[in-house]
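Try each task yourself before you read the solution.

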Amino acid sequence: MRWRAVGMLQASTRQSAVAREMNAHCNVIHRLWNHYQRDQNASRRRGSGCRRMTTTADDRYLLQCARHRRTLTVRQLESQLSAAAGRPISRQIASRRLHEGGLFARRPVVCVPLSPAHVRARLQWACEHRSFTTEKWGHVLFTDESRFNIQNDSRRAMIWREPGTRYRAPNIVTKDHNRVGGLLVWAWIATNGRTDLYVFAGGSVTAVRYRDDIQHPLVRPFIAIMGTDAILMDDNARPHRARLVRSYLKSETIPQMAWPATSPDLNPIEHVWDMLGRRIAGRSVPPGTLHELQQALL
């Protein structure tokens, strides 16, 4: 466009006409013509800003490091780049180069590891229950235990990823076991009700404890109120599927829903646990003892 404007001016076109044709201000065309007459060049002069501190190879190396190990922080990536380039490079420059390459710090998706057998079982379960109506699902009691720790376990670690790649395999963090410590709680929810939160008084959940502390005093009365259409949903944890528990449920005529292995994400009560965890982590004064954690959860 600069050379086109110069060509029109060389053809004795008025500067105002050139400005209208190029949709530019008259002062822009005037300065361009003076620049051409002085230097015989219409190209834009190089700016007076700071020179670029990284080369193309440095930028490529930084992006490769971030994609290879997506959980590295900017400071760690900056240290690797400085060591590879042989000169100090600031954290701000490393962050800008990552953004220029399309990588931004985002929280990873957390899921459980699934084998092909788990995937087939989940698909079969979904096909078997896709005919359930809203009324039918209203009779299902979704139960589960969850552990909450005094230390913040909200998993706010960042990873480097491109926009729109949230659910790609390299951007997902697998989690198979809970952290030790904290409080173990239990509850059930349904479309028309819920129980109060039950806090286990220390120790682990055994089949006897699950039957005596949960099934008999908490589940059985609500099943009796809801009638014969009620269905109990609990996962495949060892205490839930113990022979002792199955015998008790059979004697009380409490039906259990078949549940695919390694499928906590299918249980809607996980949203309740997530909400509780976020509220605990978002408190201005987080709980410092187990008693304070229990009161906060309740």
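Predicted model: local features only at pLDDT ≥ 70, side-chain atom pairs only at ≥ 80, totals over all residues.

Residues are numbered from 1 along each chain as its sequence is written, and side-chain values use heavy atoms, with hydrogens and water left out.

**Exercise 1.** Work out how H1 packs on H3 and which residues make the contact.

Step 1: get the elements. Helices (H or I, at least four residues) and strands (E, at least two) are DSSP runs, numbered from the N terminus. H1 covers residues 2-10 and H3 covers 26-39.

Step 2: get the geometry. The angle is about 80°, and the axes lie 10 Å apart. Axes are lines fitted to C-alpha atoms, for helices over the stretch in contact, and angles run from 0 to 180 degrees between N-to-C directions.

Step 3: classify. Angles under 35 degrees count as roughly parallel, over 145 as roughly antiparallel, 65 to 115 as roughly perpendicular and the rest as oblique. H1 is therefore roughly perpendicular to H3.

Step 4: list the contact (heavy atoms within 4.5 Å). H1 brings Arg 2, Trp 3, Ala 5, Val 6, Leu 9 and Gln 10, and H3 answers with Ile 29, Leu 32, Trp 33 and Tyr 36.

Step 5: sort by class. Ala, Val, Leu, Ile, Met, Phe, Trp, Tyr, Cys and Pro count as nonpolar, Asp, Glu, Lys and Arg as charged, and the others, Gly among them, as polar. That gives 8 nonpolar, 1 polar and 1 charged.

**Exercise 2.** Now do H2 against H3.

Step 1: H2 (residues 15-22) packs on H3 at about 115°, with axes 8 Å apart.

Step 2: Gln 15, Ser 16, Val 18 and Ala 19 of H2 touch Cys 26, Ile 29, His 30 and Trp 33 of H3.

Step 3: the tally is 5 nonpolar, 3 polar and no charged residues.

**Exercise 3.** Is H4 parallel or oblique to H5?

Step 1: H4 (residues 56-68) and H5 (residues 74-85) make an angle of about 140°, with axes 10 Å apart.

Step 2: so H4 is oblique to H5.

Step 3: Asp 58, Tyr 61, Leu 62, Cys 65 and Ala 66 of H4 meet Leu 77, Gln 80, Leu 81, Ala 84 and Ala 85 of H5.

**Exercise 4.** Which helix gives the most to the lining of the second largest pocket?

Step 1: H11 does, with 5 residues.

Step 2: H11 spans 269-281, and strand S6 (183-190) also supplies at least two lining residues.
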